[in-house]
Amino acid sequence: MRWGLVPSWFKEDDPSKLQFNTSNCRSDTIMEKRSFKVPLGKGRRCVVLADGFYEWQRCQNTSHRQPYFIYFPQIKTEKSSSIGAASSPEDWEKVWDNWRLLTMAGIFDCWEPPQGGDCLYSYTIITVDSCKGLNDIHHRQVILLIPGMPAILDGEEAVSKWLDFGEVSTQEALKLIQTSENITFHPVSTVVNNSRNNTPECLAPVGLEVKKESKASGSSQKMLQWLATKSPKKEDPKTPQKAEPDVPQWSSQFLQKSPFPTKRGGAGCLERWLKQEKEEEPVAKRPHNQ
């Protein structure tokens, strides 16, 4: 059976030519769309079984998406009682000895190719608003990418009524489509972002680590210190230093404010020349005829 309902009235010869997505069916519009209303009226109700489902959450101000595995609360056994949140994928395999599958409400239909051939059975999963349990994830400052969740039939009685289209009318069956709070979840590895991965690591719990700010290395710290003090080796810690202005200083200003004696050489000559230029008045040029 194919996931993604192909309506029985679809006239194209290739189901992939269907122009709209029918993988999910919103419960609040199920009776408004012909693709879902017709098979539901014929009693084509089904139950989709799964270990669980995934939801991705996007952290604020980042592009990182953290996947979560959502499933029924499990009854711990002797093998799984010691499984914790930081367990390895190998240990996580031990919980499968008595795993309770999710029972999700769905609708199916049967499509016959116009040119003849085998019938194609396909289904869609009914979705409802997210439960409060999933909304609790928001305290981690993340944004839920998909605000809905599958309609879960909790218990054998709910499953039996949904499937009993002969005794339970459509209106009565739709009353079973409600948001369920009987779920649990945990963060999993981003290996699930690739649909081709099918290993125990896809379901094993992982810890959410807070990224620490990287510290500067020893050489970087020395460079930052040198930039802040101009020349830390010549600085006298006993002599109070005036706060440097934020704007850059010219070479002449730096030489005039230097607390160290002027050395002989090019720097000393340059300083004396700058002082002389500042003190002397410019002499006006005389006319050539004088």
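**Pocket, helices and rings**

Modeller: Strand 7 contributes the most to the lining of the second largest pocket, with five residues. The model is predicted: local features need pLDDT of at least 70 and side-chain atom pairs count only at pLDDT 80 or more, while totals for chains, interfaces and linings use all residues. Residues are numbered from 1 along each chain as its sequence is written, and side-chain values use heavy atoms, with hydrogens and water left out.

Colleague: What do you call a pocket, and what is a strand here?

Modeller: A pocket is an open set of points on a 1 Å grid over the protein atoms alone where a 1.4 Å probe fits, with protein on both sides within 12 Å along at least five of seven lines; lining residues have an atom within 4 Å of a point. Strands (E, at least two residues) and helices (H or I, at least four) are DSSP runs, numbered from the N terminus.

Colleague: How much space lies in the second largest pocket?

Modeller: About 770 Å³, taken as the space filled by probe spheres set on the points. Its lining has 32 residues, and those nearest the centre are Asn24, Ile125, Thr127, Met149 and Pro150. Two or more lining residues come from each of strand 2 (24-26), helix 1 (34-41), strand 3 (45-50), strand 4 (53-59), strand 7 and strand 9 (148-150).

Colleague: How do the residues of that lining divide?

Modeller: Into 18 nonpolar, nine polar and five charged. Ala, Val, Leu, Ile, Met, Phe, Trp, Tyr, Cys and Pro count as nonpolar, Asp, Glu, Lys and Arg as charged, and the others as polar.

Colleague: Helix 1, then. Which residues are buried?

Modeller: Ser35, Phe36, Pro39 and Leu40; buried means under 20% relative accessible area, exposed over 50%, partly exposed in between, with a 1.4 Å probe and protein chains only. These four cover an arc of only 110° around the axis, which puts them on the same side of helix 1. On the face turned away sit the exposed Arg34 and Gly41.

Colleague: What about helix 4?

Modeller: In helix 4 (residues 156-163), the buried residues are Ala158, Val159 and Trp162. They fall within an arc of 100° seen down the axis, so they line one face of helix 4. Exposed Glu156 and Glu157 are on the face turned away from that buried side.

Colleague: Switching to rings. How many aromatic pairs?

Modeller: Eight, where rings of Phe, Tyr and Trp (its six-membered ring) pair if their centres lie within 6.5 Å, and planes under 30 degrees apart count as stacked, over 60 as edge-to-face and the rest as tilted. Trp3 and Tyr123 have ring centres 6.5 Å apart and planes at 5°, so that pair is stacked. Trp3 is in strand 1 (residues 2-3) and Tyr123 in strand 7 (residues 120-129), so the pair ties together parts 120 residues apart in sequence.

Colleague: Are those two buried or exposed?

Modeller: Trp3 is partly exposed, at 49% relative accessible area. Tyr123 counts as buried, at 15%.

Colleague: Give me another pair.

Modeller: Phe69 and Trp99 are stacked too, 6.4 Å centre to centre with 20° between the planes. Phe69 and Trp99 are both buried. Tyr54, Trp56, Phe69, Tyr71 and Trp99 form one aromatic cluster.

Colleague: Where does Arg34 lie?

Modeller: Over the face of Trp9, 4.5 Å from the ring centre; the rule is CZ of Arg or NZ of Lys within 6 Å of the ring centre and within 35 degrees of the ring normal. Arg45 lies over the face of Trp162, at 5.4 Å.

Notes. Arc of directions from axis to C-beta.
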